[in-house]
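Trainee: I would like to go through this structure with you, one question at a time. Where do we begin?

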Amino acid sequence: MRLHRLRITAFGPFAEPQEIDFDALSGAGIFLLHGPTGAGKTSVLDAVCYALYGSVPGSRQAPGTSLRSDHAAPGVPTEVTLELTAGGRRLEITRRPEQDRPKKRGNGTTKDKAQSWLREYDGTGEGERWRALSRSHQEIGEEIEHLLGMSREQFCQVVLLPQGEFARFLRADEVARGRLLGRLFDTRRFAAVETLLGDRRRTAEAKVRAGDEQVLHTAQRLAQAAGDCADLRAWPLPRHQPGDPGLAEAVRAWAAVARSSARERLTVAEYALAAVEGRHAAARRAAEEARELDRLQRRHAETTRRAALLAEAAPERERVRALLDRARRGALVAPALELRGAAAGAHMAAAHAEGVARAELPPVLAEAGTEQLAAEEQRLREDLGALGAARRAEQRCAEIGRERANLERESRAAEEQQQETAEWLGRWEATRAALAGRADAAQQAATLAEQLAGKLEPARMHLHAARRRDALDADAERASGELLTAREESTAAREHWLELKETRLRGIAAELAAALVAGEPCTVCGAAEHPAPARPAPGHVDRAAEDAAHARFERAEERRAEVERRLAAVREARAEAATAAGDATTAELLELTSDLSTRHAAAHTAAAALHSAREQLARAEREHAVRSSDRLEAEVRAAGRTTRREALDQEQASLEAELALVRGNAPSVAARAGVLEDRVRMVAAAAAALRRAEATAARLKEADGQLADAAFKAGFDTVAEAADAVLPEYQRTDLQHRMDAWQAEEAMLADRRGEQDTAAAAALPPADPGAALAYADRAAAVLRGAGSAVDASRVRCTELDRLSHQAERELRALGPLREEYDRVARLAGLTAGTSADNERKMRLEAYVLAARLEQVAAAATVRLLRMSGGRYTLVHSDAKASGRGRSGLGLHVVDAWTGSERDTATLSGGETFFASLALALGLADVVTDEAGGMRLDTLFIDEGFGSLDDQALDEVLDVLDSLRERDRSVGIVSHVADLRTRVQAQLEIVKQRGGSVVRHRAAAGTG
């Protein structure tokens, strides 16, 4: 990598555009960057780092710091442009950070997003030109890191050599050295291997413990299944330790003893069951025979008893048979009896009703017949019809009374309304002033609400952006963690691929030998004879394995690129959110938004009453007009009511005179009509009752004739005899059921007398089935006990066999787990430095870093020997640390004058500078080789020369001048005045009130 030109605008202390020509400064190989404190020497290096990686080194990128120059004009944008050659390509990178600029319209400022441009110089066509490649932060960052082969941290450590850090590195302990080397060489994957092996060891131990616990659980179940058939106390289990091999033998012995004892128990139980089954069968047959004999004897006794009872009931059977015959003849007369009873009842009811109706009639009509009552009813109805006109006059009188009452009520209501209207009109002026005041206040609140609404929406947008900014900060942190993991996976895949490739190249002879054909010349040496062709060595790597590893590396690279793109997108979105949110914090924006919302809500609530206030004022004005008009109309209506009242008084007096002639002694026409209506009702009811009594008497006479005829036909001498013979249906049914039962009993007894076995059983002695059944039950109980014993023995044997097989499977499965645990535990202890086999207690990561430190010490010694006049040599020490400390990262210096080896912390100030500069240059060479051999043609050394005397300074400059042998240029950043006379090519930073400027001075002969 070689730097050509750097242009800086409004960056750091530089207000005006400044251009630095590194090609002119690099002609002499060494150039000096000097200037007073605070002029901007370090800002030049910051600008280089910012152009390449989009951020400045170390703590100078702390939150709250700004890259923009305080001296720059508001309209001048902060910008850095760097031309460089990397990977054989000439590139131009331009970057602008996020910054504020004046608005194009109106006052105030607006925030511009960060921008980046990448261009490549194309001189292959007809004309030389710059070709645009990308404007994406993420793509530019990936391209630059790929071309340089190092991260920002590595670049700042290798290209911008910070002497102070390496001086601390020399004096640091092994832990501090490990942190720096780990950051530069990215050995986190080895620490991840240590963690992975530790996790696998704990996982394997947990699996072994779980397997042992499962086996012990199965053994306990074996003991429970065996019960008291085996004394397992003589076979105690060993104390449980993870991976204890004695557990398997103990469990297998338990299982064998339990199974043999259970099978012996089963054999004994089966012999006992066979003997009990025979005794139980004989007892069951004897019980069945006794039960059958007892049944036959009881059946014969029951038949004899029931025959005697049937003979005793013969007289009762004859009586029931006679009752049934008489009841069947009485059933023929029952319909006529029912008809005569209904007619007699109806006639009695009609005669009673006639008596009641005649009792209500006047004495002159008490003995009147049907025709006389009908004539009286007609006369009364004619008198009732003549009262219609009088009733209408009476109704009109009532209506007049109601109308006069309504007029009185209207008069009283009108007077109250007039009084209320007068009071309301008296309050009108005060009411109108109050309503107008409310409307004005609501209008002012509406104006304030509009003003607050204009402020509230931007505040909410800023709050939303701030919350999104905070959320994206968390997303960016997670994405950074994913990117770190993806880079580790990519690096591991690349190393694996390169290892396989190197292994394949070492064994390529075997691949070439496989293609040899007898008699044909070798493609390498040309010989036609092949006496000893190479054979593939163990672990030989073929092209397929190499291609598969390369494919895995490419997939890991794709995953890393995808995560980096996602991280850049999150960061860009975060920048947009931060731009939209402004400088305020989320809490401040939340407080501002809450205050505006509260004030806006209060103003909006007050403004909401504007329409209501205006409506109330309009309604009040309309009501004032209406009430003024109503007061005039009320006076007119009052005069009309007085005229109407006088007319009603005259009409009522005329109607009262007419009604006095019609009512007579009755208080009213309605009362007179009620009397006539009652008389019409009584006469009509008496006539109807008389007609019903006459009809029921005729039906009763007809029913008597029909009943006499039916009794004669049924064979009864009188009607009373026929009525006595009629029985209810339920009595006839009951008598019939008794006759049917006697007949069925007689038939059953006849059948039983013909049974031969019951008669033979009756001749035998009485049976005792209870005793036989009790004996059979005792035999069955014994049989069940014996069967249960056999079943329990079989179940025990089956369960013990199953548990034995299960224990055997678990023990076999536990074997590989124990082997895996032993292997992983040994590896985990070895890589963690805790194993006895690791004599130096060196962790895996420290071992890798020790190898890197050894390379760095060797590369640094080459230059330290020249700087110190051949006196000092840096050596790596892996001596075992004392106590519980770890080893592997020791760094000593060998003094050739004394031949002693001592710690680097004992060096003096100038010697420390020698050693740290040599260490920095050596580290740059090693990291460069680690990055794939990328050439670093431009280096910067920051301070530290003030501690050297003249001779030492000459030796250091000779060493730096020797770097030109590799076509390198070195920039020295220093305050030392003596360097201005020794180094001809200089870049001076001049500090001025309006901002710093740069001045070039090329070496003599370089132009």
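Mentor: We begin with a definition: a residue is buried under 20% relative accessible area, exposed over 50%, and partly exposed in between. Keep in mind that this is a predicted model.

Trainee: Does tryptophan 130 then count as buried, partly exposed or exposed?

Mentor: Buried means under 20% and exposed means over 50%. Tryptophan 130 has a relative accessibility of 26%, so the class is partly exposed.

Trainee: Which class does tyrosine 121 fall into, buried, partly exposed or exposed?

Mentor: The relative accessible area of tyrosine 121 is 30%. The class in between begins where buried, under 20%, ends, and exposed is over 50%. Tyrosine 121 is therefore partly exposed.

Trainee: How many aromatic pairs does the structure hold?

Mentor: A pair of aromatic rings is described by the distance of the centres and the angle of the planes. Rings pair if their centres lie within 6.5 Å. In this structure the number of aromatic pairs is four.

Trainee: What kind of pair do phenylalanine 22 and phenylalanine 31 make?

Mentor: Their ring centres are 6.3 Å apart and the planes stand at 55°. Planes under 30 degrees apart count as stacked and over 60 as edge-to-face. Phenylalanine 22 is buried at 1% relative accessibility, and phenylalanine 31 is buried with 1% as well. With planes at 55°, the pair is tilted.

Trainee: And what kind of pair do tyrosine 121 and tryptophan 130 make?

Mentor: The ring centres lie 5.3 Å apart, with the planes at 65°. Planes over 60 degrees apart fall into one class. The pair of tyrosine 121 and tryptophan 130 is therefore edge-to-face.

Trainee: Which strands stand at the edges of the sheet of six strands?

Mentor: The order in this open sheet is β2-β1-β4-β5-β8-β9, with antiparallel pairing. An edge strand has a single partner strand, so one side of it is left without a neighbour in the sheet. The edge strands are β2 (18–21) and β9 (129–134).

Trainee: Which residue in β4 is the bridge partner of arginine 7?

Mentor: Strand β1 (residues 2–9) and strand β4 (residues 79–86) run antiparallel and are joined by seven bridges. In β4, the partner of arginine 7 is threonine 81.

Trainee: At what angle to β5 does helix α3 run?

Mentor: Helix α3 (residues 137–148) lies across β4, β5, β8 and β9. Its angle to β5 is about 140°.

Trainee: Is serine 43 buried or exposed?

Mentor: The place of serine 43 is in helix α2. Leaving aside neighbours within four places in sequence, serine 43 is in contact with Phe11, Pro13 and Phe14. Its relative accessible area is 15%, so serine 43 is buried.

Trainee: How far apart are the end C-alpha atoms of helix α14?

Mentor: Helix α14 (residues 543–581) has 39 residues, which at 1.5 Å a residue should span 57 Å. The helix is followed by glycine 582, whose phi is positive, near 85°.

Trainee: What distance separates the C-alpha atoms of alanine 311 and glutamate 746?

Mentor: Alanine 311 lies in helix α8 (residues 246–312), and at 56% relative accessibility alanine 311 counts as exposed. Along the chain, alanine 311 and glutamate 746 are 435 residues apart. Their C-alpha atoms are separated by 9.7 Å.

How values were computed: Residues numbered from 1 in each chain as written. Predicted model: local features only at pLDDT ≥ 70, side-chain atom pairs only at ≥ 80, totals over all residues. Heavy atoms only, no water. Phe/Tyr/Trp six-rings, centres within 6.5 Å; stacked < 30°, edge-to-face > 60°. Buried < 20%, exposed > 50% of the residue type's maximum accessible area, 1.4 Å probe, protein only. Helix = DSSP H or I, 4+ residues; strand = E, 2+ residues; numbered from the N terminus. Expected span 1.5 Å × (residues − 1). Pairing = 2+ DSSP bridges. Contact = heavy atoms within 4.5 Å. Axes fitted to C-alpha atoms, helices over the stretch in contact; angles between N-to-C directions.
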